[in-house]
Amino acid sequence: MSDRIRVVVDAMGGDNAPGELVKGAVQAVLDHENIHVILTGRKDAIERELANYTYPKERVDIVECSEVIETAEPPVNAIRTKKDSSLVVGLRLVKKGEADAIVSAGNSGAVLVGGQAIIGRIKGIERPALAPVIPTADGFSLLIDCGANVDARASHLVQFAQMGSIYMEQVLGVKNPRVGIVNIGAEEEKGNALVKETFPLLKACPGINFIGSVEARDIPSGVCDVIVCEAFVGNVILKLYEGVGFTLIRMVKQSLMKNLKTKIGAALIQSSLKETLKSFDGSEYGGAPLLGLNGLVVKTHGSSKAREVETSIYQCELFKKQNINEIIRENLIENNEKGV
């Protein structure tokens, strides 16, 4: 089919490469007939993993690469010197239009640097931003930025809000998404210099549904749909969120297995409990797209297992079908140039 989405998977990136990356890729093509996967990396290692599965071979390709960017390598130097690494080769495939997207669980800094240096930013976008979906009591919210721009400016945060709104509405189907800025209080006059400078700009920004400041404790309740912050704050929120979620799930499971009475109770609520706990499983939401680039780059956790890899690949299909880059370019950049 000519309308298949071609997704590169950096098969050598992450803690569980290549096994879980290959497994997730295979599952993606089995579950989604419109997806074609291109695995970049050491061919012999990838083929050994593929030999464990039955899958449509015409929808899985391997591109041989001789180098791997390790987790602890300095990002800029790695991108510059390791031209035949699985990440760089994959990014170039997207740049040349030979693939629609790339998914990587590898070196976060290298993914960010490579995305900007090789694929490039959309004209007019000052900084791209990592935007993961996080679970809430009402469903989910988009956290932007969570790792790309530690020293952001107010104008960057305004663009994050605009891109996040477009993504939530066009990809995730949330109409007129509520936008909030992370702050230490609800009052407009509170916050550090960056938040105080950004607040009135968001308030006056057309095209976004700005609701004001959002305190961290209110994020899990789903108080807003797009959570705006600079990367240092966003990354702390994300990591704490994941840690608390993991701990609570473990504690709930342990408490239900304490004695015969709790085991009987667990059996009675098993299906409902399983569904509730599943909603707080990060693997169900895929990776974080790097919004603002000329192509789609999705960064998954370094510890990603097959399920998260598959979900991240499927994310790429949704992103491509909705033409998010084109919408960002037209609605955000053109309107800004017109002063709308």
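How many residues does helix α6 have, and how far does the helix reach from its first C-alpha to its last? In this predicted model, in which local features need a pLDDT of at least 70, side-chain atom pairs count only at pLDDT 80 or more, and totals for chains, interfaces and linings use all residues, helix α6 (residues 154-170) has 17 residues and reaches 25 Å. Residues are numbered from 1 along each chain as its sequence is written, and side-chain values use heavy atoms, with hydrogens and water left out. The reach of α6 is close to the 24 Å expected at 1.5 Å a residue, where the expected span is 1.5 Å times one less than the number of residues in the helix. Helices (H or I, at least four residues) and strands (E, at least two) are DSSP runs, numbered from the N terminus. Of the 17 residues of α6, 14 are buried, so this helix is largely enclosed by the rest of the structure; here buried means under 20% relative accessible area, exposed means over 50%, and partly exposed lies in between (1.4 Å probe, protein chains only).

An open sheet is built from seven strands in the order β3-β2-β1-β4-β12-β11-β5, and its pairing is mixed, two strands being paired if DSSP finds at least two bridges between them. At the edges stand β3 (60-64) and β5 (129-130), each of which has a single partner strand, so one side of each is left without a neighbour in the sheet. Helix α1 (residues 19-31) packs on this sheet and touches β1, β2 (35-41) and β3, contact meaning heavy atoms within 4.5 Å. The direction of α1 makes about 165° with that of β2; axes are lines fitted to C-alpha atoms, for helices over the stretch in contact, and angles run from 0 to 180 degrees between N-to-C directions. Within the sheet, β1 (residues 5-10) and β4 (residues 101-104) pair in the parallel sense over three bridges, and V9 has V103 in β4 as its bridge partner.

A further open sheet consists of five strands in the order β6-β7-β10-β8-β9, again with mixed pairing. Its edge strands, β6 (133-136) and β9 (209-214), each pair on one side only, and neighbouring strands of the sheet are turned by 30° against each other on average, direction ignored. Strands β8 (residues 178-182) and β10 (residues 226-228) pair in the parallel sense over three bridges, and the bridge partner of G180 in β10 is I227. Helix α8 (residues 231-256) packs on this sheet, where it touches β6, β7 (139-144) and β8, and its direction makes about 50° with that of β6.

Several loop residues were also examined. G287, in the loop between α10 (270-278) and β11 (288-291), counts as buried at 4% relative accessibility. When residues up to four places away in sequence are not counted, G287 touches V298, K299, T300, S312 and Q315. G287 and T311 are 24 residues apart in sequence, yet 7.7 Å apart in space, C-alpha to C-alpha.

The backbone contains a cis peptide bond between A17 and P18, with omega about -5°, and P18 lies in the loop between β1 and α1. A cis peptide bond also joins I144 and D145, with omega about 15°, and D145 is located in the loop between β7 and α6. N176, in the loop between α6 and β8, has a positive phi of about 45° although it is not a glycine. N323 likewise has a positive phi, near 50°; this residue is in the loop between α11 (306-321) and α12 (324-338) and counts as partly exposed at 38% relative accessibility.
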